[in-house]
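I opened this entry to record what I looked up in the model. Notes follow in the order I took them.

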Amino acid sequence: MICPNCGKDFEGNLCPSCGAQAPEPDAAASSRTEDGLDKKYQAGEKADSPAAPRPSRWMRNSLILVAVLALLSAGAAVAAQQYGWEWGWSLPEAGSSSGPNGAETAYETSLPSGHYVVGVDIPAGLYTITAEKGEGRLFTSLGVVDAELVADGGPETICGFEGVLLEVGDTLTANGMTIRVEGTANGSTSTRSNTASKTITLAVLSGAENGTTTDTGSAGTTTDPSGSAGSSTTSTAESTAPESGTGETGTTATGTTGTGTTGTTAEASPAPEPAPSATFTAGVDFPAGVYTVKVLRGTGRVSSGTVENGGIEVAMSLEEKDGAVKEFRNVNLSDGAELTVTGLDIQLVPSV
């Protein structure tokens, strides 16, 4: 303690040098040196009540920078919504599914007529789909699109769609044409689970031409077109033709002599023979499963169930013209499904 009378440092209540009374604690705390600073601060002791901290210049500048970046980001988002398509880019579509780790890759392919399960046959993504060859119906099971497309049509026809969002679980169907799919995939594909494993041959046209007749849908000789041990069903259908007829003999009178001349009418042309047809049952005539139907010979029609439910109803021929196709992929032929083949020899190839 410092004596306020003589300035000597002492301890206790009285100064040993001059006998002065020690000052009260409040008075001692308020004593200052000539420069106005308490000696304990001059000695480097820490103050009991430090002043409130002030934000540093670095923190203040950081807050300003964050605010500026937030404003710029908001402005960029608004510009993307209003002008993105003109600049060739845009924000992601709402509700779109994301691929592995959010990866997006360019995707393009040509697909003949058939059913294509998203996530199995084609990855999920955002696509432009156009008719590449022929004309027919394009639709998805979830109703994303449903329209008749024409590959080489006029101004009043539809040739395709932009911005088609295909999500896992949907099925894309092209009936009667080949389509082109281009865009950005944000998913992957997986292997189909299929109970069918052997290629099956259904020879309807060949059997009819060879003169053999069997019950519709009955089993015939077995072959494996792939060369491995397998089975195929060959069936023929009975062909019928109307009997040719001869016209009756008649007379025609002449106007000058009154005598008649005897003649015969021309032989009537026979009606065309109906195309041979046969119906086969999945699980009886061939194993049930998912197949790609391919034409081997002839021109005719193949049908089973409804196209909307994974079936087939389409004209088929080796020459793709007049709405006919030479293959139809991923037809679901479950147990008991009936497959009718008219005027054709076809193969059923298991889908993978």
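**Salt bridges and their partners**

I started with R137, which is partly exposed at 22% relative accessibility. My classes for relative accessible area are buried under 20%, exposed over 50% and partly exposed in between, with a 1.4 Å probe and protein chains only. The model is predicted, so I took local features at pLDDT of at least 70 and side-chain atom pairs at pLDDT 80 or more, while totals for chains, interfaces and linings use all residues. Residues are numbered from 1 along each chain as its sequence is written, and side-chain values use heavy atoms, with hydrogens and water left out.

Which residue does R137 meet in a salt bridge? I found E308, at 2.6 Å, N to O. I count a salt bridge when a side-chain nitrogen of Lys or Arg is within 4 Å of a carboxyl oxygen of Asp or Glu. The pair links distant parts of the chain: R137 is in strand β3 (residues 125-140), and E308 is in the loop between β11 (289-304) and β12 (312-317), 171 residues apart. Helices (H or I, at least four residues) and strands (E, at least two) are DSSP runs, numbered from the N terminus. E308 is partly exposed, at 46%.

How many salt bridges does the structure hold? I noted nine. Side chains of opposite charge can pair when their charged atoms come close.

I next checked E108 and R180, whose side chains form a salt bridge at 2.6 Å, N to O. E108 sits in strand β1 (residues 105-111) and R180 in strand β6 (residues 171-185), so this pair ties together parts 72 residues apart in sequence. E108 is exposed at 52%. R180 is partly exposed at 21%.

R329 and E327 form another salt bridge, at 3.3 Å, N to O. R329 is partly exposed at 29%, but E327 is buried at 18%. I also logged a network: salt bridges that share partners join E108, R180 and E182.

**Cores**

I then went to the largest nonpolar core, which has 26 residues. Such a core is a set of buried Ala, Val, Leu, Ile, Met, Phe, Trp, Tyr and Cys residues joined through side-chain atoms within 4.5 Å. L339 and L348 have the most contacts inside this core. The elements giving two or more residues to it are β7 (200-203), β10 (277-281), β11, β12, β13 (327-333) and β14 (338-350). Which element gives the most? I found β14, with five residues.

I listed the contacts of L339, leaving aside neighbours within four places in sequence. Among them are L202, F280, F286, V302, I312, L333 and L348. Contact here means heavy atoms within 4.5 Å. Another core lies apart from this one; it has 20 residues, including L111, V145, V164 and L166.

**Aromatic pairs**

I counted two aromatic pairs. Rings of Phe, Tyr and Trp (its six-membered ring) pair if their centres lie within 6.5 Å; planes under 30 degrees apart are stacked, over 60 edge-to-face, and the rest tilted. F286 and Y291 make an edge-to-face pair, 6.0 Å centre to centre with 85° between the planes. F286 is buried at 3%, and Y291 is buried at 0%.

**Surface and backbone**

I found a nonpolar surface patch of I64, L65, V68, L69 and L72, with about 480 Å² of accessible area together. Patch residues have over 30% relative accessible area and no salt bridge; like charges are joined within 9 Å, nonpolar side chains (Val, Leu, Ile, Met, Phe, Trp, Tyr) within 5 Å. Areas come from the Shrake-Rupley method with a 1.4 Å probe; for residues, only the protein chains shown count as cover. I64 is in helix α3 (residues 57-87).

Where does a residue other than glycine have positive phi? D322 does, near 55°. D322 is in the loop between β12 and β13 and is exposed at 78%. N330 has phi near 60°, lies in strand β13 and is buried at 9%.

**Whole chain**

I closed with totals. The protein chain has four helices and 14 strands. Buried residues make up 32% of its 352 residues. Of contacts between residues at least 6 apart in sequence, 69% join residues at least 24 apart. The accessible surface is about 21,500 Å², with 52% belonging to carbon and sulfur atoms.
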